[in-house]
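The following note sets out points for a colleague examining this entry. Please read the points alongside the sequence and coordinates.

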Amino acid sequence: MAMANNNGGARDRAPFPPWILTTLRTIGSIAVTMLGLMFITFIIGRVMPIDPVLAIVGEQASKSTYDAAYQQLGLDRPVLVQFFYYVWDVLHGDFGDSLLNARPVVEDIKRVFPATMELATLGVTMGIVLGVPLGVIAAVKRGSWIDQIARVVALVGYSMPIFWLGLMGLLIFYGILGWVGGPGRVGIFYVDVVPSVTGMILIDSILDRNWEVFKNAFSHIVLPASILGYYSLAYISRMTRSFMLEQMSAEYIVTARVKGMSESAVIWRHAFKNIRVQLITVIALSYANLLEGSVLTEIIFSWPGIGSYITTALLSADMNAVLGGTVVVGLVFVLLNIFSDLLYKVFDPRAK
Amino acid sequence: MSETQNLRAWLLTDTPTSRRHAKYAAAYQGWLSFRSNTMAMIGLWILIFLVFVAVAAPLLAPHDPFEQTLSNRLQGLNSDGHILGTDSLGRDILSRLIYGSRITLFIVGLVALIAPITGLLVGTVAGYVGGWTDTVLMRITDIFLAFPRLVLALAFVAALGAGIENAVLAISLTAWPPYARMARAETLTIRSSDYISAIQLQGAGPMRIITKHIWPLCISSLIVRVTLDMAGIILAAAGLGFLGLGAQPPSPEWGAMISEGRRFILDSWWVATVPGLAIFTVSLAFNLLGDGLRDVLDPKDAEK
Amino acid sequence: MTLLDVENLWVKFPSRHGVFDAVRGVSFTLGKERLGIVGESGSGKSLTGRAILKLIRPPGIMTADRISLEGDDLMPKSERDMQAVRGQRISMVMQDPKFSLNPVMTIGEQIMEAYQLHNAVGKKAAFAKAVEMLEAVSIRDAPRVMRAYPHEMSGGMGQRIMIAMMLIPNPQILIADEPTSALDVSVQRQVLDIMDNLVKERGMGLIFISHDLNLVADFCDRVLIMYAGRIVEVCDADKLREAKHPYTQGLLNSLPRLDEPCARLQVLKRDPAWSEAPSVSGRI
């Protein structure tokens with residue numbers, strides 16, 4: 001039997017099955033990345049020009065009050081020791097207290113993160129639903145008017161400042177046409193009407209069967225989500241197009257045609273199946289980019305998410321909040337990467 | 001006339017007579033194929049125009065970009081001598097836009113120097129030396145890649161203090177890792193090729209191999225990448241300016257101008273709209289130019 | 001009996017420097033025989049094979065006075081009607097199974113798909129038929145191979161799987177486009193024999209496209225020699241040694257022979273007149 005069995009021999013000799021080694025290696029690389037990420041953020045937090053002690057005790061505080069606060073924050077210890085304590089706390093799920101409102105940073109993040117998730121998820125969904133078919137059609141009908149449109153869509157998406165597009169959207173659809181709700185997650189009369197279960201108002205209002213809140217929340221989210229969606233549409237459609245072009249010139253496509261398959265079956269059953277893996281990576285990347293793009297979008301739309309949380313914290317030297325927020329976003333980045341690696345293994349038989 | 005004909009023929013020859021001849025001929029033929037790409041030429045012209053505007057700003061600007069006339073604030077388009085209106089302090093928007101082009105070019109130019117060179121150094125060293133150096137350098141690169149770019153830039157500017165130079169540093173800091181990866185990948189393929197072994201046998205040292213043989217081969221893909229990155233750099237700089245972390249008032253930075261106009265968006269829409277259009281046009285021009293350059297310099301990646 | 005009758009087939013590719021004619025007015029017929037098409041790369045032999053299936057993609061253009069399959073002209077047929085012809089009546093095996101099998105589908109899925117496209121049967125029947133077909137191409141442990149992916153197969157197995165997949169709808173004509181050139185020499189003969197037996201058993205016509213003159217002389221009944229998009233000579237395979245056209249002679253003389261060793265092999269000299277001369281008809 002000429003079946004190629006590559007790892008059969010190695011399996012018998014190695015002390016551990018290969019998947020354990022792979023898993024360990026993955027975990028190790030995550031740990032190193034996260035540690036490095038925390039270290040960089042930590043150093044940035046330490047060299048901030050605004051004095052966090054002053055931010056707590058105020059300009060008029062006496063020397064002894066200042067020193068007490070200084071020691072309480074642990075700033076008298078060497079930086080590496082401080083970092084060690086910080087990592088220790090983070091591992092126990094403690095990001096410290098916000099210097100501004102004295103609440104645990106973890107609670108703040110729990111509150112703001114779902115808002116960003118809601119926005120980015122809706123955005124990336126729009127990007128996938130429109131971008132993937134657009135990219136496929138553009139590749140299959142290369143040079144057609146649809147391909148030209150896809151090209152323009154992508155070019156404009158790559159060239160437009162997101163915060164400006166948000167402003168223009170607000171101006172046109174809210175200010176002039178009045179089609180959508182304005183800034184914020186819900187109108188002022190709907191704030192805290194539905195109990196927070198997931199922290200995502202669209203889902204919470206469905207759970208509560210409060211359709212009025214749902215409608216209002218939807219009218220608020222639709223514009224910022226569309227704007228984020230446009231960016232992921234630009235990226236996803238361009239990448240889909242290029243992946244599909246590569247596959248459509250492959251020899252197995254000729255085989256499928258020789259079999260007598262219809263062109264649509266050739267495209268979707270054969271070619272598309274082969275780009276799934278690459279597409280997953282692109283979507284994960286696009287999602288991560290949206291979390292980032294939401295920083296500016298959230299500010300334009302007064303969206304109480306992690307982006308505006310980090311920005312506000314930065315501008316007021318709230319070190320713990322900045323560190324916590326950045327570490328969480330970084331963690332999501334890393335997790336998305338691992339997630340797409342895992343799916344890679346599921347969908348590509350060659351990766352096993 | 002016949003002189004130019006001769007030059008053309010000389011440049012289009014299939015059989016170059018010297019190394020320099022071949023180089024010029026290749027450049028000319030690249031230019032010919034670039035020139036036939038209308039979109040790329042449009043991008044190039046926009047950028048030439050931008051440079052011209054930046055250089056000739058004092059001659060072109062109808063008003064002093066810093067002169068405030070509070071009685072004349074938020075004037076609409078084309079109102080007494082202000083073609084693009086005035087902002088909330090009564091400054092002429094067109095003049096500010098013209099002077100702002102200098103800031104944009106300054107930022108883009110500096111980042112386009114710092115980031116690729118850093119990346120090239122890190123990448124080629126990692127790729128050429130290999131072993132532990134490679135592992136450590138690439139780990140660091142990965143850590144920077146794991147960061148959301150804008151958040152990192154934000155944090156950096158906040159730590160170093162707001163201002164245009166720090167914005168440049170922060171953007172460079174977030175922009176170099178992809179170059180490092182690219183340069184490393186190229187170095188790895190080049191290093192294992194036969195002609196490198198050949199010059200090694202002739203006694204060439206690592207410095208000579210890296211600077212004379214590896215860098216020149218990385219350059220073309222680097223240029224393409226830089227051009228395509230410029231749009232991103234402009235957007236990032238504008239984003240920092242918008243957050244108040246880039247150029248400080250009263251400097252006419254385009255992102256900061258949008259931020260200022262944001263407060264009046266519903267009543268005086270042009271204040272925020274016009275600088276946004278300027279940012280859009282310039283980054284579009286860089287994207288068009290980059291696409292065209294890629295087709296000429298990096299044909300294997302073309303049509304993607 | 002004539003299975004296929006091709007008359008005046010052209011394949012053209014418009015480019016920036018004018019139209020390039022890749023196949024120029026080729027005519028031939030195919031009965032229940034093994035017809036070889038020989039030529040060097042770029043002679044248009046592969047494109048001729050694909051044109052018969054009307055698989056020339058834009059911007060390529062193909063024209064022909066007639067491509068008739070058992071009296072049924074394919075030229076006026078729509079793309080939709082051609083889908084019923086492809087696979088079921090004319091099929092094709094390509095050069096390298098590494099590329100011609102879909103890497104992310106199991107072998108079973110791909111073979112069953114080929115059968116079910118033309119036969120309204122359930123999964124079970126299709127599976128049984130596929131296993132039977134795999135066994136017909138001498139693949140042992142067929143049910144296990146059905147679950148495997150193409151990258152787990154060796155080249156020879158891959159090509160036998162390709163043959164099984166292409167013959168499962170029971171076509172009348174098989175086009176084999178360099179079916180063994182990507183394979184190890186040791187398995188080439190085996191794959192050829194399997195293909196030959198199946199084609200003979202089923203009374204099919206075979207078009208065998210190759211650059212390998214000896215192989216074609218050995219394996220086929222009749223040979224068309226193509227040069228620059230035209231047929232320059234037609235002859236019976238066993239009379240190939242007596243070929244008259246200088247190009248064919250040049251090809252023969254550029255091969256080393258055990259029985260007539262010579263100090264220096266001839267280099268093929270090309271005469272521009274060859275490509276200008278009208279195409280020889282391969283019709284009977």
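**Notes on the predicted model**

1. In this predicted model, chain C contains an open sheet of six strands with mixed pairing, ordered E7-E8-E9-E3-E10-E11. The edge positions belong to E7 and strand E11 (230-236) of chain C; each has a single partner strand, so one side of each lacks a neighbour in the sheet. From one strand to the next, the twist averages 20°.

2. Within the sheet, strand E3 (residues 34-38) of chain C and strand E10 (residues 222-227) of chain C run parallel and are joined by four bridges. In this pairing, C:Ile37 lies opposite C:Leu224 in E10(C). Helix H7 (residues 155-167) of chain C packs on the sheet, where it touches E7 and strand E8 (173-177) of chain C. The direction of this helix makes about 170° with that of E7(C).

3. In chain A, helix H7 (residues 145-159) packs against helix H10 (residues 211-248) at an angle of about 130°, the axes being 8 Å apart. H7(A) is therefore oblique to H10(A). The crossing of H7(A) past H10(A) is left-handed.

4. Residues of H7(A) that meet H10(A) include A:Ala150, A:Val153 and A:Gly157; among those on the H10(A) side are A:Tyr230, A:Leu233 and A:Arg241. By class, this helix contact comprises eight nonpolar, two polar and two charged residues.

5. The contact between chains C and A takes 29 residues from chain C and 21 residues from chain A. On the chain C side, helix H2 (79-85), strand E7 (90-93), helix H3 (97-100) and helix H4 (107-116) each supply at least two residues. The chain C residues touching chain A divide into 15 nonpolar, nine polar and five charged.

Terms used
Residues numbered from 1 in each chain as written. Chains lettered and ligands numbered in written order. Predicted model: local features only at pLDDT ≥ 70, side-chain atom pairs only at ≥ 80, totals over all residues. Contact = placed C-beta atoms within 7 Å. Nonpolar A, V, L, I, M, F, W, Y, C, P; charged D, E, K, R; others polar. Axes fitted to C-alpha atoms, helices over the stretch in contact; angles between N-to-C directions. Parallel < 35°, antiparallel > 145°, perpendicular 65-115°, else oblique. Left-handed = near helix turned anticlockwise from the far one by under 90°. Pairing = 2+ DSSP bridges.
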